[in-house]
Amino acid sequence: MCKFELNDTHKQTIIDVCEANGNSAANIIHVLHGVQGKLGYLPAEVQEFVAMQLHMPVAKVYGIVSFYSFFTMTPKGKYPIDVCLGTACHVRGSDKILDEFKRQLGIGEGQTTADGRFSLNTLRCVGACGLAPVVTVGEKVYGRLTTSQVAGIIAEYANA
Amino acid sequence: MENMIALTIDDHILQVPKGTTILEAAKSIGIEIPTLCHYKLEGQGIENKPGSCRVCVVEVEGYKNLVPSCYTQVSEGMVVHTHTMRVIMARRTVVDLLLSDHPADCLVCPQAGKCELQKLAIDLGLREITYTGEMSTYKKDISPAIIRDMNKCIMCRRCETVCNEMQTVGVLSGINRGFEAVVGTAFEKKLVDTPCVMCGQCVQACPVGALSEVDNTRDVMKALNNPKKTVIVQTAPAVRVALGEEFGMEPGSRVTGKMVTALRKLGFDYVFDTDFAADLTIMEEGTEMLDRISRYMQGDKSVRLPIMTSCCPGWVNFFETYYPDMLDVPSTAKSPMMMFGAIAKTYWAEKLGINREDLVVVSIMPCVAKKYECQRDEFKVNGNSDVDYSLTTRELADMIKYLGIKFDTLADSNFDRPLGESTGAAVIFGATGGVIEAATRTAYELYTKKNLGKVEFKELRGLTGVREATVDFDGTPIHIGIAHGLGNARKLLDKVRSGEEVFHAIEIMACPGGCVGGAGQPYHHGDFTKVEKRLNALYEEDASMPVRKSHENPYIKQLYEEFLGEPCGHKAHELLHTHYFDKSDKNYGL
């Protein structure tokens, strides 16, 4: 993967998000949330710039990014696939769904396909336990899934 | 009194101030509760108590669960039991679980015998590790001064607290989650690629072998065993008031004479004293200080004040990393250790007709950062450094033990001449405020041309983190600032940078208490009274010296007459002064 280059637009985006959060290190989680929302992910260069804006050690920023599974240091695909591994989904076999996505996309958890189209991640509960097992692609929710439906979902976005 | 709380601990009834923790209350009546993650430097405002290790749990009547005593505050009528069977069993389980993800290589661990986890396992009588499972595997990270072996990390986070809160260096942080959680650097970089200043306070704080200094004892033993080499040694002032602790002596025991004898027994050809070079530092730094202050007073606008001390390698790294706009403010004088090396490998070696390549200069330092300092390129001549190896106080103690020397029974002996002669001014270099006091003794006499009646400047002493004092130079007030611990240094420097306060001179030492609290000193395990006792011992040593002003050291005078010429003169500049580098490219955020 090519190295992320922090340009002036990125910097301005980060400055704006930091300002909106009072340039306060106490609001670091909100800042990272905002920045990831705008830039898609949080590569090292972005974390370093955030640290400089908030006058806090970059080690602490990385500590937070590496702790919360929501934050990612790798770019997500155009269509981010999230497989729910919450309790309800788990008991209804979401691990098999995850394996099927891995197999068909040829990537592991937290990775992105070479063409940048799909990324695969897991999360804990989207609040739709009645539909377990649940997968989200972007904002769209797919419920009561079986492994045989995985190919169809991928195909839906393959040429989109 | 309404702010006092009455409680019972192990059948003792006592009263303690509101807000006291059970741990502190128990300690006040001599009951020791074992701890692991808890680390407090009394009086320095530093405390790590995440309450996470659970080793200090105690039983409180009426409470369903055991509580961590380091974290739980006392309450009225509380009845505490610190050593019941239930408590002991719980502590055993806690330690057992910690050991389940800890390499059991105690036989060859640098912390063996000093490890707090090992001591707990012994005290609790663990005979087997019950739990087995996945083990952490991290790559060892070796910097010029510090080794991080995170397989041994128990996540107490003491290092993180001292790195961030005490030193404000911010290199270490808890990273990752769950089983992968560990104390690490940003993006898990190597220490050398971070703004680490190598002060080593993380090493001093680490209860296990996860953080240790680079071990140079083998290199030194090899040199001592090589008949072709002349091996000489210099000892920093703070070592002589701490070394005894490694042999069961009271903190603050002055063991200068025994140390010299031990060094001879180890086979060093000449036993010299860094204190000699400390006197030399005062000549150079004091002259520079007077020159800058005089020019400033005469209205020379090109002079930058304050002049700052430059003896401490952690501090030098700190300003090179965090204050690159102030690189021309600190004195250009090398540290005493490097001045010693420069003189030993020129003046002294020439006198004795020893080739530079055949001379090995070893330093015994209370410091971890000195290992890095002697490797800096600017101190090398054709790749040969002025100081070949720097050992910590602990490493010296280890070597004395390897040779089976009964340290406490040794007779006293004296340093060799000429590089072993020093004054009281030099010995207080090891205490916060000591370097500037030594400089003041000399600068006062040179500036006022008057004899200083009383050499002690009590206003410069003490353990307050940031101190200020004004010394009267016969009608000229000289404003002095002192800070120890890099967080305190930052407070003082920010005032200077913003112009909020104007100082003529500033002394900074990276470690709390100065070198007496250095990272290479015997582990104090968070008992800061030990550091205070060492500090007091240095002032006693000073008071016992016949000569107490650096410029009155006869061998220093001789050195200038025979070899160097004038202080801050051409030759002195070449050999005794250095320059600094902008290292701010590694710093993000601070």
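Where in chain B does Pro306(B) lie? Pro306(B) sits in the loop between helix H8 (274-297) and strand S15 (307-308) of chain B. The model is predicted. This report looks at backbone features in both chains, then at one strand and the domains of chain A.

**Cis peptide bonds**

Most peptide bonds are trans. The bond joining Leu305(B) and Pro306(B) is cis, and its omega is about 0 degrees. Chain A has a cis bond as well, from Ala132(A) to Pro133(A). Its omega is near -10 degrees. Pro133(A) is placed in the loop between S3 and S4 of chain A.

**Positive phi angles**

Most residues other than glycine have a negative phi. Asp10(B) is not a glycine, yet its phi is positive, at about 45 degrees. Met198(B) also has a positive phi without being glycine, with a value near 60 degrees.

Both residues belong to loops. Asp10(B) is found between strand S1 (4-9) and strand S2 (12-17) of chain B. Met198(B) is placed between strand S11 (182-184) and helix H5 (201-205) of chain B.

Is each residue buried or exposed? The cut-off for buried is under 20% relative accessible area. Met198(B) has a value of 9%, so Met198(B) counts as buried. Asp10(B) has a value of 23%, so Asp10(B) counts as partly exposed.

| Residue | Phi | Relative accessible area |
|---|---|---|
| Asp10(B) | about 45 degrees | 23% |
| Met198(B) | near 60 degrees | 9% |

**Strand S1 of chain A**

Now turn to strand S1 (residues 79-84) of chain A. How many of its residues are buried? The count is 6 of 6, so by the under 20% cut-off the strand is mostly covered.

In a regular strand the side chains alternate between the two faces of the sheet. In S1(A), Tyr79(A), Ile81(A) and Val83(A) are on one side. Pro80(A), Asp82(A) and Cys84(A) are on the other. Both faces are covered.

Which strands pair with S1(A)? One is strand S3 (residues 118-123) of chain A, which runs parallel to S1(A) and is joined to it by 6 bridges. Here Tyr79(A) stands opposite Phe118(A). Another is strand S4 (residues 135-137) of chain A, which pairs with S1(A) in the antiparallel sense over 3 bridges. In this pairing Val83(A) stands opposite Val135(A).

**Domains of chain A**

The domain assignment gives chain A domain 1 (8-67) and domain 2 (79-158). The C-alpha centres of these domains lie 28 Å apart.

Conventions:
Residues numbered from 1 in each chain as written. Chains lettered and ligands numbered in written order. Predicted model: local features only at pLDDT ≥ 70, side-chain atom pairs only at ≥ 80, totals over all residues. Heavy atoms only, no water. Domains from an automatic or database assignment. Buried < 20%, exposed > 50% of the residue type's maximum accessible area, 1.4 Å probe, protein only. Helix = DSSP H or I, 4+ residues; strand = E, 2+ residues; numbered from the N terminus. Pairing = 2+ DSSP bridges.
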